[in-house]
Amino acid sequence: MLLTEKVYGAQAVVYHGSKTAPEVFIPALLNDTFKPGLGSGAMYGNGLYTVYDIERTQTESGEYGSYVYKLKVNLYGFICFDPEVALLVYKRPLSPVEQAQELGVDETLIEKLKAIRIGARFTSAAALPASTFLKGKVKGLIFTGKLDGKVAVIYDPTVAVPFAWKRVSDKSWNSIDKSSLKPALRRSALGDWKAEKYDIDTVALLAKLSKLPADKRIVKSDLDLYNVSITSFPADLKVDGNLNLTGTNITSLPAGLEVGGSLWLGGASITSLPADLKVGDDLNLAGSHITSLPAGLQVGGGLTLYNTKITSLPAGLKVGGPLNLYNTNITSLPADLQVGGSIYFFTGDASQVPQHLKDKMK
């Protein structure tokens, strides 16, 4: 009964899709070294993204990686936007506002929560704006999305106890040694978790960094500015992890920007990139207002230009991973273009593709 595969009371079994192999993922979760946001982003805040109904989801199909992990989690302390789960967890049909009040959430946040209208079918539309002020302040969020179905976002991943895993293509699960799970099971039973484990006051952080010397402006983790109302941030900023600027009002990136992980600019108002920009992993410009790329741009991972108005690629462009040109008007490729992965959705004359790139065309 301990691991019944459904939400029952405050205890639930959830599923997480990942590219990370079990010999790395499981110890990271148990030893509190898990780094959120390195896979598919962190739209609802940094944490562990799971589903509590895996059937016909992108987790089940392998969209998020070839491994699936089965986890046990105590949902008391989550804000449940799905009323049927709220009833099971809190034993009463509490609304998200009433759940927040029971959990002792700050009154100013409760007032913000009161202003959010909750739809009947896809509660993700309500959870998204709520996540901007609840992330890290509560244990997690429960909601239903159009693509991922029944979602549980866990803001302190150490509360999730991994007890089985498999490859997406496998039919059976591999069990995890129970003796290694005792400390994690104890944490789950007690309901302990760390507030604001990953999410910080980013506006205050940027203000503090701007006052430091240029060589001290370093963020040693991810910097999630999704939908944050800022128009600029300091020059010479170095972000060791991922930088998410989706939905911000920033119109230009500062000189000297270095991102060790991935940089997301989807939907941002930025129209150009600085000439000295450095990106260690993926650069995602999907849906951005950027119209051109700087000469000599180097991207350690993949480059996504989906749905942009960019019409040509610059000389000296180096892309470590795949190049996605879907829904662009790019019809030619520079002779010195270097791409480590495949090139997708190129609509130009294939006969004019540089010889060293022909085998990468998809």
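The pLDDT is the predictor's confidence in each residue, on a scale from 0 to 100. The structure is a predicted model, in which local features need a pLDDT of at least 70 and side-chain atom pairs count only at pLDDT 80 or more, whereas totals for chains, interfaces and linings use all residues. Residues are numbered from 1 along each chain as its sequence is written, and side-chain values use heavy atoms, with hydrogens and water left out.

The protein chain has a mean pLDDT of 88, and 94% of its residues reach 70 or more. Over residues 1-5 the pLDDT is below 50, and in the model this stretch has 11 contacts beyond near neighbours in sequence, a contact being defined by heavy atoms within 4.5 Å. Where pLDDT is low, the predicted coordinates should not be read in detail.

Eight helices and 22 strands are found in the protein chain, both being DSSP runs numbered from the N terminus (helices H or I, at least four residues; strands E, at least two). The radius of gyration of the protein chain is 22 Å, close to the 21 Å that the globule rule gives for 362 residues, so the chain is as compact as a globular protein of that length; the radius is taken over C-alpha atoms, and the rule is 2.2 Å times the number of residues to the power 0.38. Along its principal axes, the C-alpha trace of the protein chain spans about 65 × 50 × 40 Å. Among contacts between residues at least 6 apart in sequence, 38% join residues at least 24 apart.

Of the 362 residues, 50% count as buried, where buried means under 20% relative accessible area, exposed over 50%, and partly exposed in between (1.4 Å probe, protein chains only).

Leaving aside neighbours within four places in sequence, Thr59 is in contact with Tyr15, His16, Gly17, Val51, Ile54, Tyr64, Val68 and Val168. The C-alpha atoms of Gly266 and Gly247, residues that are 19 apart along the chain, are separated by 7.2 Å.
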